Amino acid sequence: MSNLKDKKIVYSEYAYFMSVLLLAISIAFMKAAGFGVSLSSAPAYVIYEKVSLTQQISYGTAEYTIQAFVLLFLFIVTGKFGKRHIFSFLSTLIFAATIDAISKGLDLLPLEHVWLRVLLVTLAIIIGPLGYVLMDHTYISPIVYILYEQEISKATGRDRNFVYWTYNLVSGAFAIGLSFYFFGVGTFVGANIATILYTLSKILLHRPWANYIEKHYKFRNKYKQLERHFK
């Protein structure tokens, strides 16, 4: 185990922004590749694909709309709603806007090349788990998907991993159902091969990334006046 003096000091507020950025990049890359997105984001992607056939909509809009319903469900289950939940939705808006901004840049790439799309998926499944790890090192409210895991785990006494996988598997099944309904049975929109790879990377890379971060970095809170709003 590394001596604390050997660890670099990193501020938890910066970990928050890096987490949102990395998660947004991973989803934007997967969206651009067209091989499916993460289980939690798959329902939003299906709705985005369906609605965009008849009217203008950004993927980010579909993303924060779905997460708003998840936040509402969280309130119904726990009976709690406060500043932490409001800030969580603000985090989701930042996350969604970042995805849209990155997506516009990716649209300029020659995405007809399969090798480029495979490269995007590869990068996504590497940095996505790191984004999740960093979100555990900040006091700032995470995006709604992650807040849901934290709050439901606390409210029910269930292990967070159990809540995570339950939510994600339900989301995946819901996305597949929507895909079959909107686009025909056997058509997998949103949940596809990259979804499986991303899920496997979360299993295989989460612990290595967590160990690396714990070994090399010590997190501290820099803005005390900001911190008190999240307690």
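Helices here are DSSP runs of H or I with at least four residues, and strands are runs of E with at least two, numbered from the N terminus. On that basis, the protein chain of this predicted model contains nine helices and two strands. The radius of gyration is 18 Å, close to the 17 Å that the globule rule gives for 231 residues, so the chain is as compact as a globular protein of that length. A search of the whole structure also finds 17 aromatic pairs.

**Overall fold and dimensions**

- Along the sequence, the elements of the protein chain follow the pattern β-α-α-α-α-α-α-α-α-β-α.
- Taken along the principal axes, the box filled by the C-alpha atoms is roughly 55 × 45 × 30 Å.
- Among contacts in the protein chain with a separation of 6 or more, 79% are between residues 24 or more positions apart.

**Burial and surface**

- Of the 231 residues in the protein chain, 47% count as buried.
- The accessible surface of the protein chain amounts to about 12100 Å², and carbon and sulfur atoms account for 65% of it.

**Helix 2 and its cover**

- Helix 2 spans residues 42-51, and its buried residues are Ala-42, Pro-43, Ala-44, Tyr-45, Val-46 and Tyr-48.
- The cover over these buried residues includes helix 1 (12-33), helix 3 (59-78) and helix 7 (160-183).

**Aromatic pairs**

- The search of the whole structure returns 17 aromatic pairs.
- Phe-73, Tyr-145, Tyr-148 and Tyr-167 are linked into a cluster by ring pairs.

**Lysine over aromatic rings**

- Lys-202 lies over the face of Tyr-164, at 4.3 Å from the ring centre.
- The charged end of Lys-202 also sits over the ring of Tyr-132, 4.9 Å from its centre.

Methods:
Residues are numbered from 1 along each chain as its sequence is written. This is a predicted model: local features need pLDDT of at least 70, side-chain atom pairs count only at pLDDT 80 or more; totals for chains, interfaces and linings use all residues. Side-chain values use heavy atoms; hydrogens and water are left out. Rings of Phe, Tyr and Trp (its six-membered ring) pair if their centres lie within 6.5 Å; planes under 30 degrees apart count as stacked, over 60 as edge-to-face and the rest as tilted. A charge sits over a ring if NZ of Lys or CZ of Arg is within 6 Å of the ring centre and within 35 degrees of the ring normal. Buried means under 20% relative accessible area, exposed over 50%, partly exposed in between (1.4 Å probe, protein chains only). Contact means heavy atoms within 4.5 Å. The radius of gyration is taken over C-alpha atoms; the globule rule is 2.2 Å times the number of residues to the power 0.38. Accessible areas come from the Shrake-Rupley method with a 1.4 Å probe; for residues, only the protein chains shown count as cover.
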